[in-house]
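Biologist: Could we go through this model together? I would like to begin with one of the helices.

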Amino acid sequence: MDTIQKALEKHQQKFQEEYSDTLKQEGDASDQQRDPFDNTTEGDPSIKKTTYKEIEISFDHLALQGYILPNEDRSLIKEQFRQIKRPLLNKAFGREDEQIKNGNLIMVTSSSPAEGKTFNAINLALSIALERDRNVVLVDADVINPSFNQALSVTTDVGLLDYLNNEVNDVADILYKTNIENLNIIPAGTAHHLTNELLASDSMSNLMSEMASRYSDRVIILDAPPLLHTTEAPILATLAGQIVMVVKEGVTKQQTVKDALSLLDPSMNIGLVLNKSRQKQDGNYYGYYGT
């Protein structure tokens with residue numbers, strides 16, 4: 001009986017180990033199935049991939065609005081943003097001594113409205129999406145005055161605020177895959193009177209942390225509200241690793257820029273982009289200034 005008992009116990013132990021391995025494999029597969037950010041098709045073909053919403057961005061519309069065209073060879077705007085994006089990417093993915101915390105989470109803002117922050121945010125996203133080893137999520141975080149639908153001539157329904165307000169439970173429901181390779185968009189979503197509280201919530205912090213840290217190749221670009229006209233922008237700045245401040249030449253006063261910068265942590269990595277500059281600098285009409 002002692003021999004039989006030992007055999008039974010050995011068999012039971014083997015069964016438990018195999019069952020535990022099976023549960024782990026199923027759990028791993030479930031995690032991949034739930035992952036709203038996985039755009040790859042590699043791996044176990046039995047794993048059901050997330051179905052994304054899709055929007056098509058017209059290249060003709062991009063051309064008319066002066067945006068970067070993914071399929072064009074060279075242009076002034078394309079060369080300009082190549083130079084703007086390089087220091088940002090270096091601080092996100094460069095040498096270890098160059099990298100900064102949350103460097104791949106970039107907030108684009110301005111002091112006041114109508115300085116061109118959305119134009120610059122979209123072009124920055126389009127330029128980074130051209131990188132062979134980068135994936136971009138462009139987020140319309142200017143939730144009080146959202147502009148992606150009009151700027152890109154697309155139609156979306158739910159977005160960031162719907163997720164933060166628990167109107168939708170899955171991030172995949174607000175993540176729109178575009179016809180431009182490596183570019184995904186999260187629109188602002190349905191207007192809400194508690195935008196400040198929603199953006200300051202743990203849900204927002206967790207969402208940004210998840211997007212920024214899950215994959216090493218991802219860049220998140222937040223098109224944020226103007227710093228001096230809302231309370232939302234300083235909140236978003238606490239989540240970002242890098243800030244791009246758009247300054248409109250001949251319009252934005254120096255004191256206005258100083259007032260806006262005073263709302264940010266001076267230890268942050270802050271760059272200034274001079275928008276609509278008329279001064280030609282090394283063949284380009286823009287300036288990038290980092291601190």
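Predicted model: local features only at pLDDT ≥ 70, side-chain atom pairs only at ≥ 80, totals over all residues.

Biologist: Which residues of α4 are buried?

Modeller: They are Lys117, Thr118, Asn120, Ala121, Ile122, Asn123, Leu124, Ala125, Leu126, Ser127, Ile128 and Ala129.

Biologist: What distance does α4 reach from its first C-alpha to its last?

Modeller: The helix reaches 18 Å, close to the 18 Å expected at 1.5 Å a residue.

Biologist: How many residues are in the largest nonpolar core, and which touch the most other members?

Modeller: That core has 78 residues, and Leu124, Leu160, Leu183, Met208, Ile220 and Ile221 touch the most other members. Helix α4, residues 117-129, gives the most to this core, with 7 residues.

Biologist: What does Leu124 touch, leaving out residues up to four places away in sequence?

Modeller: Leu124 touches Phe81, Ile84, Lys85, Leu88, Ile106, Val108 and Ile221.

Biologist: Which strands do bridges join to β7?

Modeller: Strand β2, residues 105-110, runs parallel to β7 and is joined to it by 5 bridges. Here Thr109 stands opposite Met245. Strand β8, residues 269-275, is also parallel to β7, with 7 bridges joining the two. In that pair, Lys248 stands opposite Asn275.

Biologist: Which helix makes a β-α-β unit with β7 and β8, and is the unit right-handed or left-handed?

Modeller: The helix is α10, residues 254-261, and the unit is right-handed.

Key: Residues numbered from 1 in each chain as written. Heavy atoms only, no water. Core = buried A, V, L, I, M, F, W, Y, C linked by side-chain atoms within 4.5 Å. Buried < 20%, exposed > 50% of the residue type's maximum accessible area, 1.4 Å probe, protein only. Helix = DSSP H or I, 4+ residues; strand = E, 2+ residues; numbered from the N terminus. Contact = heavy atoms within 4.5 Å. Pairing = 2+ DSSP bridges. Right-handed = clockwise from strand over helix to strand, strands pointing away. Expected span 1.5 Å × (residues − 1).
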